[in-house]
Structure formats: C-alpha cells, structure tokens
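Dear colleague,

Please find the structure below, handed over for your study.

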Amino acid sequence: MLPFTYALRNLFRDLSRLAQTVGGSALVVLLLIASVALNQGMDSVLSASGSAKNVILVGKGSEESIERSEVHLDAESSVITSIRGLEEQLGTPAVSGEITYQAPIRTASGKEDQALLRGVLEKALLVHRSVRLLEGHFPAPGEVMVGKLAHRNLGVDASELALGQRIYFENEALNVSGIFTAPGTVLESEIWFDRNDLASLTQRDTLSAITLRMDNAEFDDVHVFTLQRNDLELAAIREDVYYSKLGAFYQPIKVMIWVTAALVSAGAIFGGLNTLYAAFASRIREMATLQSIGYTRGALLVSLIQESLLATLTGTLLAFLIAYFLLDGRTVPFSVGTFTLILTPQVILTGLAAGILLGTIGTLPPAIRCLSPSLPKALRSS
Amino acid sequence: MKFNLLLLTLATAVTLSSCGDKKDINTADTSLNISGSLQSLILSEAPDGAAEIAAVRKTAKKGDTVTIQGKVMGRKDPFVNGRAMMMLGDPNKITSCDLNHDDGCPTPWDVCCDDPDVIKASTLTVQVLDTDGNLIKEGIKGLAGIKELSQLVVTGTVADGSTADNMLINATGIYILK
C-alpha cells in the first residue's frame, strides 16, 4: 500500500483543483442537507400538529380545507349531547367550535402580511393540548393571544407582537394579551382571537370546524354522528389524517426542492468529475512509474480514493459548518405555519453518506481510466 | 461519463418514484369478516313497490315501514368502516360524477357537482340495528358486494331520530340491483 502521506501531499499539488473539489462537494452536500432538513421540517410540523385522539368536524365537501368550511353554530351543542365517550375536564367536554381565517394583519410599525387567525373560546385548550401560555392571559374581547412564531409569518420582529403591543385587523385595534407556545406545531404561528370577536370582524355566523377529543369514543362513533345528523352536513376527519393530507398537498413543493437540488448538484458533480478526469489523466505516467517499482493497481486505486475522499470530506465538513451557522434553528414560514430547520442525526448522516459517495464512487471512473492502460503504453504517455 | 449519467438517472428515478397518489385510507376495503346478522339482511328477490328517496323523505313519518330504491352516494364517505350504516341517494335527483362525461373525479359518489340543498333533500341514512336496538358494530361495505355507487332496494322502518330534515331508516332487508 502507498503511504497515506502520499495521498495527502498530492492534494496540495494543485490548489485551484483542490478548491474546486472541496467547493463542489461542499455545495452538493449543503444542498442535500438543506433539502432533507426542509422536507423533514415541513413533515414534522404537520405530523406533530395533528393528534390521533382529535377529530375535526368540517362542512361536507370541505374536508381538504378548514378555512373553506362552514359549520352551523348549533352543531357544537349537538356534538356534546350526541357523542358519548368524549374526553372531559372538570365536567366540560373537550369540544371546541372554532373559526379559522387567513387574512392580513397590520402591526404597530405599519407592516401588513397574511396571518392565520383562529377564533376560540377557552375550551380550545382542552383539545389543543400542546398549547401552553408563556405570558399574559387568554384573550378576552378586544384582545388576541399570539403564537411564539407568529412574528415569522408576519415578517416582523418578535417585539412587535410582544405583550401589550397592538395589532390591527379590519381597522380594529387589538391588544396582545398573551404569548403561547405549541412546540413543533402549526398552531405556534397563529394568532388566537376571542371567537365572538373574530365572528363579528369577519361577519360570519358559522364556525369553520369543531374539534373534539375522544376518550372512550372511537372515530367511527363520530362518523356515525355525521350520518345520523345528515341535516348538519358535516364530515369527520381525524386531525392527524387532516394534517398528513395537507402534507400531501405540499408534495409538489417538496419535489421541486429535490429537483432543484438535484440539478444544481448534477452541475457540481459533473464539474468535479471533469476536474478529476483532467487531474488523473495528467498522472498516468506517474501511476505507471509507481506500478513499475512494485505497487499494484489496487494499491494505487486506494491511494487515489483516499486523496479524493480527503477533499470531499473536507467539503462535507465545510458544508456542515455552513449549515450549522446558517441553517440550524432557522424558522421557515409557509402558508399554514412555520417550521424549523434542524440538523437531525438523519440529516447529518445523509450529508456524510453523500460526501463519502462523492469521494468513492465519483472517483472510480476517472481513476479506472487513469490506471487501465498497459504499463508500457502508460510509461510512454506524455 | 455514461456510467455517471446512468447513476444520476437512476437516482432521479428513485427520488421521483415516490410521488404517486396515495391510497385514501377512508376507502380501505372492508369486505372481510361480514357476520351472519348482516348476511341475513340480503334479499334474494327485489321487494315490490320501491319508492324514490326524495318522495319518501316528504311523506314518511317515524315508525312507517318503507321500501326505497337508491344508490350508495351523497357524501365522500358514504360508509362507516366499523358500523352498519350507509348513505343512500336518489339517482333521479342527484347524479354521481361517473355519469358526467370526462369527469375524472376520484370519488364520484360524493356528487360534488350537485347543489348541496338538493343533495340534502335527496339522501337518507340507512342503519342496521341488532335485537337490542343498538347499531351493529360492523361495516356494510363489502356485504354481498355492496360498495359505493351500488344500486339497492332497502326495506325497513323510519327510525325514531328522524325529522323532516333528516331521515334514518332501520333496514330489515337489502336487495342489490347492481
């Protein structure tokens, strides 16, 4: 075997080539890390947002979008009296009729952007168990409670949605009465209104949906209710299924992320391969000389792979450093909420595997081409 | 270089192969394990005098014995997976999307092209109770081949919970037209 220092020294023979290989592999690995982190972030926020114990009752035909749904106000009391086995807290059934609305919100600085608004009563906390009030109190009329990440959706600083600040909706000023967290869910990006406030501000006399939490009841019992009360025109959907279907809705975006990453990566990979072909082609005689003094083709191949791996793994390390400082923990707003990019073990392993594959499989074709000529022919090559 | 192109093509194909439509979990096949109590509902001959659903909705009262003819439709999920309950619609008043030319609707039984008020007035719920008056905890889908858009003749009585806006039939017999 050739000594490891031979591969190490060769790396620095051409600094521009080294920079190209390291930069190319860093770009490929960084794109891969970003793509996996984006997809994982979106998936995890949507899957964490739905509970298998919660069922959402929406208007028939609006199963794909709560915002389009209309549910009669009376349906809420019918659910409470008709469905047995719902969870209760101090005698209050976990049933929450809510209004969900997407509309522009203006902050005190005058910045206006789309936000997800939810009109609720206090019993909403019985069904949305991940919600925890961090500061202040539940909104009374004329007040709102904002999610910890709502400012990201509005594109403003967190201080603009701090306790005591004012926001404006439909020319109505509302005080921020509380800040809540709902870790890893889309709720954390929402602004919660008093339900009656939101109903009057949006001029609607219906709910968007009723969310209920099952105890002994089964999903089929809720489904039966929707057929037995056909006059209410309701459809039942498990909360986790609703959010996983939302995930399917974002599938084209995910595919686009992968396709873009693949196209840019392909450019970087082919650029790197060209560099390697050129670099190894100029070393055919050197390889032949090493063979003539006793090193086998296998040993030379291993040395070339070592050399290439050193470069690509340096690029991988660089990509991890960039990802750590620029991507990790960054929140990304999308239409139904905000998700956080996290360098999970899976993301790191994917990046590492990509770096290793680039250094091994990517090196094989140019290395084999460099080592394949017969010894006399290789020794005569210029 | 050809080898690299092949590798890249394979990688792209593997990545994109997961983009197909997922099977809707609500339409899972429930044709297995149909019990005797439900099997005994199936009639070998069509009952006489089957009326249209829209007409029955206007005239029938609680406790009346009725025979109706309809099609399994009226909503996206006309069956309850683990309960003997389904929705029937009046094919003379509402049209399943498969009968509309060039309609690629994956759930034609939801009659999404019809007016919601007409759908509401032209559908009813059929349920099967056990001897104690409780809803049987078994799905009807798959019973003798019953599925969405099956045309059925159902005999039974108008259930206690029925109102002018909402009709439930306690089925005592089902005949499958097609």
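Into which domains is chain A divided? Chain A has domain 1, made of 4-48 + 250-380, and domain 2, made of 61-232; these bounds come from an automatic or database domain assignment. Please note that this is a predicted model, in which local features need pLDDT of at least 70 and side-chain atom pairs count only at pLDDT 80 or more, while totals for chains, interfaces and linings use all residues. Residues are numbered from 1 along each chain as its sequence is written, and chains are lettered from A and ligands numbered from 1 in the order in which they are written.

In chain A, 47 Å separates the C-alpha centres of domain 1 and domain 2. Eight residues of domain 1 of chain A are in contact with nine of domain 2 (contact: C-beta atoms, placed from the backbone, within 7 Å). On the domain 1 side, helix H2 (15-49), strand E15 (331-334) and strand E16 (337-340) of chain A each give two or more residues, and H2(A) gives the most, with three. Helices (H or I, at least four residues) and strands (E, at least two) are DSSP runs, numbered from the N terminus.

Chain B contains four helices and seven strands, in the order α-α-β-α-β-β-β-α-β-β-β along the sequence. Of its 178 residues, 35% count as buried, that is, with 20 or more other C-beta atoms within 10 Å of their own, C-beta atoms being placed from the backbone. Among contacts in chain B between residues at least 6 apart in sequence, 66% join residues at least 24 apart.

Yours sincerely

Definitions and conventions
Two residues are in contact if their C-beta atoms, placed from the backbone, lie within 7 Å. A residue is buried if 20 or more other C-beta atoms lie within 10 Å of its own, exposed if 12 or fewer, and partly exposed in between; C-beta atoms are placed from the backbone.
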